[in-house]
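Visitor: Hi! I'm new to this one and would like a friendly tour. Could you put it up for us?

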Amino acid sequence: MAKRTKTSVKKSLDKLWSKLVKIQAGYKCEVCGKNENQCRLNSHHIIGRTNRMTRWDLRNGCCLCTQHHKFGKQSAHEDAPWFDEWLQKYRKKDYEYINSIKNEIKKWTLEEMLELEQELKEYLS
């Protein structure tokens with residue numbers, strides 16, 4: 001087996017995180033309720049994925065259809081104030097938690113990343 005690198009584990013964590021966000025939402029857009037048979041679903045980072053503290057935290061994820069993720073007038077990327085209000089109304093505890101830790105600094109070791117990868121895999125089983 002090839003030696004695991006931070007890059008390969010990051011990719012694995014990103015995929016696991018995305019899948020688990022969709023599972024948590026029941027494979028439905030959390031805003032409009034459309035399911036994967038009606039539209040394409042995206043896993044959206046509430047606090048951008050460049051933030052290492054929150055990148056793979058499932059509370060930092062929201063399952064959205066493409067309209068509510070990026071392409072609609074009311075979408076997370078096109079109307080941030082609207083999405084912020086929506087989060088405060090429907091995901092208040094997650095919103096407060098994510099905002100309380102978003103400024104903390106996290107430098108992941110390979111070992112920590114591998115542990116998190118295992119934890120996320122256990123959610124799938």
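Predicted model: local features only at pLDDT ≥ 70, side-chain atom pairs only at ≥ 80, totals over all residues.

Visitor: Which are the buried residues of H1?

Guide: The buried residues of H1 are Val9, Ser12, Leu13, Asp14, Leu16, Trp17, Leu20, Val21 and Lys22. Buried means under 20% relative accessible area, exposed means over 50%, and partly exposed is in between, using a 1.4 Å probe and protein chains only. Residues are numbered from 1 along each chain as its sequence is written, and side-chain values use heavy atoms, leaving out hydrogens and water.

Visitor: Thanks! What do those buried residues pack against?

Guide: They pack against strand E1 (41–45), strand E2 (61–65) and helix H5 (110–124). Helices (H or I, at least four residues) and strands (E, at least two) are DSSP runs, numbered from the N terminus. Contact means heavy atoms within 4.5 Å.

Visitor: And how many residues does H1 have?

Guide: Helix H1 covers residues 6–24, which is 19 residues. From first C-alpha to last it reaches 26 Å, close to the 27 Å expected at 1.5 Å a residue; the expected span is 1.5 Å times one less than the number of residues. Just after H1, Gly26 has a positive phi of about 70°.

Visitor: Which residues touch the most other members of the largest nonpolar core?

Guide: Leu13, Trp56, Phe83 and Leu120 do, in a core of 27 residues. H1, E2, helix H3 (80–90) and H5 are the elements giving two or more residues to this core, and H1 gives the most, with six. A nonpolar core is a set of buried Ala, Val, Leu, Ile, Met, Phe, Trp, Tyr and Cys residues joined through side-chain atoms within 4.5 Å.

Visitor: What does Phe83 touch?

Guide: Not counting residues up to four places away in sequence, Phe83 touches His44, Cys62, Leu64, Ser75 and Ala76. Phe83 counts as buried because its relative accessibility is 5%.

Visitor: New topic: how many aromatic pairs are there?

Guide: A search of the whole structure finds four. In one of them, the rings of Trp82 and Phe83 have centres 6.2 Å apart and planes at 40°, so the pair is tilted. Rings of Phe, Tyr and Trp (its six-membered ring) pair if their centres lie within 6.5 Å; planes under 30 degrees apart count as stacked, over 60 as edge-to-face and the rest as tilted. Trp86 and Tyr90 also make a tilted pair, with ring centres 5.4 Å apart and planes at 35°. Together, Trp82, Phe83, Trp86 and Tyr90 form one aromatic cluster.

Visitor: Is Tyr90 buried or exposed?

Guide: Tyr90 is exposed, because its relative accessible area is 51%, whereas Trp86 is buried at 9%. Trp86 and Tyr90 are about one helical turn apart, because they are four residues apart in helix H3.

Visitor: Which ring does the charged end of Arg59 sit over?

Guide: The ring of Tyr97, at 3.6 Å from its centre. Lys106 lies over the face of Trp108, 4.7 Å from the ring centre. A charge sits over a ring if NZ of Lys or CZ of Arg is within 6 Å of the ring centre and within 35 degrees of the ring normal.

Visitor: Last one: where does Thr54 lie?

Guide: Thr54 lies in the loop between E1 and E2. Thr54 counts as buried because its relative accessibility is 0%.
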